[in-house]
Every structure is written in structure tokens, then in C-alpha cells.
Amino acid sequence: PLFKAAAMEAREPFLMHDWINFHLQLGIDHFHIYDLDGSFNETLRPFIDEGTVTYTPSFAWLFTEGMHQVSEEQNPYCMSPQAQDHCVWSWRGRADWVVYLSSPDVFLWSSTLGRGGLTELLDSPVELEAGVRDDPLVLQDTWATVSGALIRQVQFGGLPESNDQAASVIERFVWRDRDASEKVGTYEFPLVQPWNAGLMNVVNFTGSADGRTYRFNIQTLRADHYVDIFRARCKACTLRDTSK
């Protein structure tokens, strides 16, 4: 869950709006956004009113006052698995697919998407990670038997562009990690079929006993994580990305 909307907006004005609008254009139909302190109500209000966003404020309060206190004073990320589970279960029967992105500094990206966006990607044969499956797969056609697919992360950071045309996060941060992506199994983002996905654990998930789990080829779909938005973290972001 998110927290401290005012601090985020002070550091990166309109970040939430840019993030939502970017993914709307990519083909995401609806967003379920959680926070810990109720601070995102004003920021999200236009999207809530138009029906684009479902907003769950002060998520830890749904458990106990003690959990709320722990999430505020000790670890704001301790409720992440519970928020993921809540989201997946809430959208059973209402969404074919749910993708979990932990923060508005993570943007989905694909070099193969057409005008149909993610819907077209899920309806078309897609390349998956080598060794997981060698031939392309149409995920929507196998929806009933698929648990989900993992999306690998690419870190972006380094010195931001300073020209007048570079306004958004994507335009300003164009340097990425030279290794292209984090190692398999470290930090990935789940796209899941709600009926077949089980417990979430932030960077992975369990599937049903007969459900299949895949991993997207990084050229097909990846998660660009702009890790230097709020503080310098990516020491290896020295390769200019030319895919956008």
C-alpha cells in the first residue's frame, strides 16, 4: 500500500496521474489502489469519480489498530502480501487478469505492443522465457488452466535529462541497468488469473495445483522500475535505453 501522498506529490508532481494515464493507454481497464493513511483520496478523486479507480484507504485498519500502528511506525511494507491477496480475491469474477505493481515508480513496457495494448498482447501468441516454454502461447486462449505469468524488472535511474521537453518520469530517466534485468526469482511482478492464483508474496505467487505459471520474455513485457525518482539507488544505470 502507498502512503504520504503529499510527500510524493511534492517530490514528483502529478506522478500518480501520469502513472494511471500511461497504463490506461497501455490497456489497463481499472485500478485498485491501496494506501495506509487515507492520504491519496484527493489525488485519486478524479479517477474514482469517473470509475477508473477503486480506492481502499487506511488498509491496515481493516485488520487491527495494532497493525495500523506497526505499518505507520515500523514497516510500511508489512501489509503488501495482504493487499495483493485482497485485490486478487476482490476481482475474481470481475476481471480476467490482475497485475500487481507495487508503486507508481513502476511502469509496464513492451517493445511488441500494437494499438490494442495489453489486450492484444494477451490475445496473441507471445514469447515466454526460454526454457519455460519454447513455443509462443496465447494466454487468453488458455485462461482456464493458467495461474499467471511473471514480469521481470528492469531498473532505471542515473542522471535525469534536464531539457524542457523531458517532463515525465519516462522522459527524464533514460538510463538503465546494464544487466537489462534483475536475475530470475529476485524481484518480479505477477500477472495472475484470479481464479487460479493463490497466496501472493510481493514478488511471486502460488498457483492452483493444476494451473500453469509462466514468465514473460523480457522483450515481450517488462516492468521498468524508476528506482532513482525519490533517492539515488541505481549505481549500474549507465546504459541509455533506446526502446521508447
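Before the first result, one definition: a helix axis here is a line fitted to C-alpha atoms over the stretch in contact, and angles run from 0 to 180 degrees between N-to-C directions. Keep in mind that this is a predicted model.

Let's start with a helix pair. Helix α2 covers residues 15-26, and helix α3 covers residues 41-49. Their axes lie 10 Å apart, at an angle of about 30°. Angles under 35 degrees count as roughly parallel, so α2 is roughly parallel to α3. The crossing of the two, α2 and α3, is right-handed.

Which residues of α2 and α3 meet? From α2, we have Met 16, His 17, Ile 20 and Asn 21. From α3, we have Thr 43, Leu 44, Pro 46 and Phe 47. Now sort that contact by class. Five residues are nonpolar and three are polar. None is charged.

Next, backbone angles. Most residues other than glycine have a negative phi. Two residues to look at here are Phe 14 and Ser 58. Phe 14 is not a glycine, yet its phi is positive, about 65°. You will find Phe 14 in the loop between α1, residues 5-11, and α2. Is Phe 14 buried or exposed? Its relative accessibility is 54%, so Phe 14 counts as exposed.

Now Ser 58. Again not a glycine, and again a positive phi, this time about 45°. Ser 58 sits in the loop between β2, residues 53-56, and α4, residues 65-73. Its relative accessible area is 19%. The cut-off for buried is under 20%, so Ser 58 is buried.

On to the cysteines. How many disulfides does the structure hold? One. The partners are Cys 234 and Cys 237, with their sulfur atoms 1.9 Å apart. The torsion about their S-S bond is about 90°, so this disulfide is right-handed. Both Cys 234 and Cys 237 are buried.

What about Cys 78? The closest cysteine sulfur to that of Cys 78 belongs to Cys 87, 18 Å away. A disulfide needs sulfur atoms within 2.5 Å, so 18 Å is too far for a bond. Cys 78 has a relative accessible area of 25%, which makes it partly exposed.

Turn to Cys 87. Cys 87 is in no disulfide either, and its nearest cysteine sulfur is that of Cys 78. At 12% relative accessibility, Cys 87 counts as buried.

That's my tour. Questions, please.

How values were computed
Residues are numbered from 1 along each chain as its sequence is written. This is a predicted model: local features need pLDDT of at least 70, side-chain atom pairs count only at pLDDT 80 or more; totals for chains, interfaces and linings use all residues. Side-chain values use heavy atoms; hydrogens and water are left out. Helices (H or I, at least four residues) and strands (E, at least two) are DSSP runs, numbered from the N terminus. Angles under 35 degrees count as roughly parallel, over 145 as roughly antiparallel, 65 to 115 as roughly perpendicular and the rest as oblique. A crossing is left-handed if the near helix is turned anticlockwise from the far one by less than a right angle, and right-handed if clockwise. Contact means heavy atoms within 4.5 Å. Ala, Val, Leu, Ile, Met, Phe, Trp, Tyr, Cys and Pro count as nonpolar, Asp, Glu, Lys and Arg as charged, and the others, Gly among them, as polar. Buried means under 20% relative accessible area, exposed over 50%, partly exposed in between (1.4 Å probe, protein chains only).
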